[in-house]
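Here is a short tour of the structure for you to follow alongside the sequence. Keep the viewer open as you read.

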Amino acid sequence: MAIDLVSTLLTSAPVLIGTRFAHGCVGGLLVGIGFGVMSRTSEVDRTFGYLLTIQFGLGGLGLIYLPPLVPEFGTTALFMSLVAFSVVTLLMLPFLPDYPPREKPVVAEGKGNSRKLIGLALLATFLFQAANMGIYAFAIGIGKHALLEPGFVSSSLGIAAWFAIAGSVLVILLSTRFGRLVPVGFAIVMTAFSIWLLHFSNIKPGGWETSVFWWANVVWGIGWAFVISYLLGMCSEIDSTGQMAALGGFASKMGLASGPAVAAMIVGQDNYGLLINVAVVALVFCVLAMVMPARVLDIRR
């Protein structure tokens with residue numbers, strides 16, 4: 001909260017970048033602790049589903065209401081909104097119950113195999129988040145490049161974030177009833193297909209309800225919320241001590257940070273088509289990486 005408040009006073013770009021880097025480190029530490037606590041629950045995938053339900057619900061509101069505040073109040077409005085969320089989180093802390101430490105931590109059998117499974121699960125998480133965030137960071141640019149109205153693009157992304165709640169709710173309902181391999185593999189393929197459809201964002205024959213851009217974002221959002229819940233759950237269940245949950249959170253955040261950075265280098269002069277293709281290829285490698293850990297965890301269950 002203090003770093004966010006300081007950020008509202010800064011006018012130098014290098015200083016702001018350094019300050020936000022420090023903010024990211026502190027935030028990453030908090031996320032890692034939170035993920036470690038969540039990995040101790042009996043239904044890890046379902047718990048992450050609840051997390052994503054709240055995240056996409058509030059994210060949809062933010063996409064719709066925060067951008068119009070920037071021209072009027074400047075970026076201070078964005079930093080103050082982060083402070084507001086932190087205040088709410090701080091007020092919730094006293095209501096978290098204590099829990100006893102594990103006497104014998106449950107770790108995946110076989111050191112070599114465990115490292116391999118963990119490495120693949122972390123790689124899948126990183127690739128999935130990097131591919132999706134790389135596209136998400138330039139989704140408005142993709143819409144504008146397709147000559148869509150800025151208001152339509154912004155509202156489409158906000159509404160799609162609300163539809164994405166369906167993906168996380170589906171995780172809550174299904175949990176691991178049908179395993180992980182088949183539902184997660186299918187969802188990643190659907191996510192990749194919806195991103196590929198962004199090539200045809202300019203097709204809008206009968207209004208927003210037939211817009212390829214709108215529908216692609218809706219399917220993409222549902223797939224994103226559904227898959228990441230399972231991927232984080234996989235990282236946690238391979239080693240339920242909480243350490244792998246923190247590493248899963250680290251891989252997720254690294255993907256979220258790296259995706260837009262790489263995407264910015266790819267886009268260059270409005271080269272959005274190449275960006276879409278690279279994201280689809282990254283998701284293909286994500287599917288390949290998640291197959292083994294998902295299959296092993298399904299067999300154990």
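## Leu297 and its surroundings

Setting aside neighbours within four places in sequence, Leu297 is in contact with Arg180, Met234, Glu237 and Ile238. Leu297 itself belongs to helix H13, which covers residues 272-300. Is Leu297 buried or exposed? Its relative accessibility is 2%, below the 20% cut-off, so Leu297 counts as buried. For a sense of distance across the fold, pick Leu90 as well: Leu297 and Leu90 are 207 residues apart in sequence, and their C-alpha atoms lie 35 Å apart in space. Please keep in mind that this is a predicted model.

## The chain as a whole

Stepping back, the protein chain has 13 helices and zero strands. Its radius of gyration is 20 Å, close to the 19 Å that the globule rule gives for 301 residues, so the chain is as compact as a globular protein of that length. Along the principal axes, the C-alpha atoms fill a box of roughly 55 × 45 × 35 Å.

Of the 301 residues in the protein chain, 42% are buried. The chain exposes about 15,700 Å², and carbon and sulfur atoms supply 73% of that area. Contacts tell a further part of the story: among those between residues at least 6 apart in sequence, 83% join residues at least 24 apart.

Which residues make the nonpolar surface patch of about 620 Å²? They are Phe186, Met190, Phe193, Trp196, Phe200, Ile203 and Val219. Helix H10, residues 181-196, gives the largest share of this patch, with four residues. Phe200 sits in the loop between H10 and helix H11, the latter being residues 212-238. With 34% relative accessibility, Phe200 falls between the 20% and 50% cut-offs and therefore counts as partly exposed.

## Cysteines

If you are wondering about cysteine pairing, a search of the whole structure finds zero disulfides. Cys235 is in no disulfide, and the nearest cysteine sulfur, that of Cys286, is 11 Å away. Cys235 is buried, with a relative accessible area of 2%. Cys25, in contrast, counts as partly exposed, at 43% relative accessibility.

Lys144 is placed in helix H7, which spans residues 139-145. Not counting residues up to four places away in sequence, Lys144 touches Pro150 and Val153. Val278 is 134 residues from Lys144 along the chain, and the C-alpha atoms of the two are separated by 20 Å.

Tyr65 is in helix H3, made up of residues 44-65. Tyr65 and Ser155 are 90 residues apart along the chain, with 9.6 Å between their C-alpha atoms.

The table gathers the accessibility of some residues discussed above.

| Residue | Relative accessible area | Class |
|---|---|---|
| Leu297 | 2% | buried |
| Cys235 | 2% | buried |
| Phe200 | 34% | partly exposed |
| Cys25 | 43% | partly exposed |
| Lys144 | 47% | partly exposed |
| Tyr65 | 54% | exposed |

Tyr65 is classed as exposed because its relative accessible area of 54% is over the 50% cut-off. Lys144, at 47%, is under that cut-off and so counts as partly exposed.

How values were computed: Residues are numbered from 1 along each chain as its sequence is written. This is a predicted model: local features need pLDDT of at least 70, side-chain atom pairs count only at pLDDT 80 or more; totals for chains, interfaces and linings use all residues. Side-chain values use heavy atoms; hydrogens and water are left out. Patches are made of residues with over 30% relative accessible area and no salt bridge: like charges are joined within 9 Å, nonpolar side chains (Val, Leu, Ile, Met, Phe, Trp, Tyr) within 5 Å. Accessible areas come from the Shrake-Rupley method with a 1.4 Å probe; for residues, only the protein chains shown count as cover. A salt bridge is a side-chain nitrogen of Lys or Arg within 4 Å of a carboxyl oxygen of Asp or Glu. Helices (H or I, at least four residues) and strands (E, at least two) are DSSP runs, numbered from the N terminus. Buried means under 20% relative accessible area, exposed over 50%, partly exposed in between (1.4 Å probe, protein chains only). The radius of gyration is taken over C-alpha atoms; the globule rule is 2.2 Å times the number of residues to the power 0.38. Contact means heavy atoms within 4.5 Å. A disulfide is a pair of cysteine sulfur atoms within 2.5 Å.
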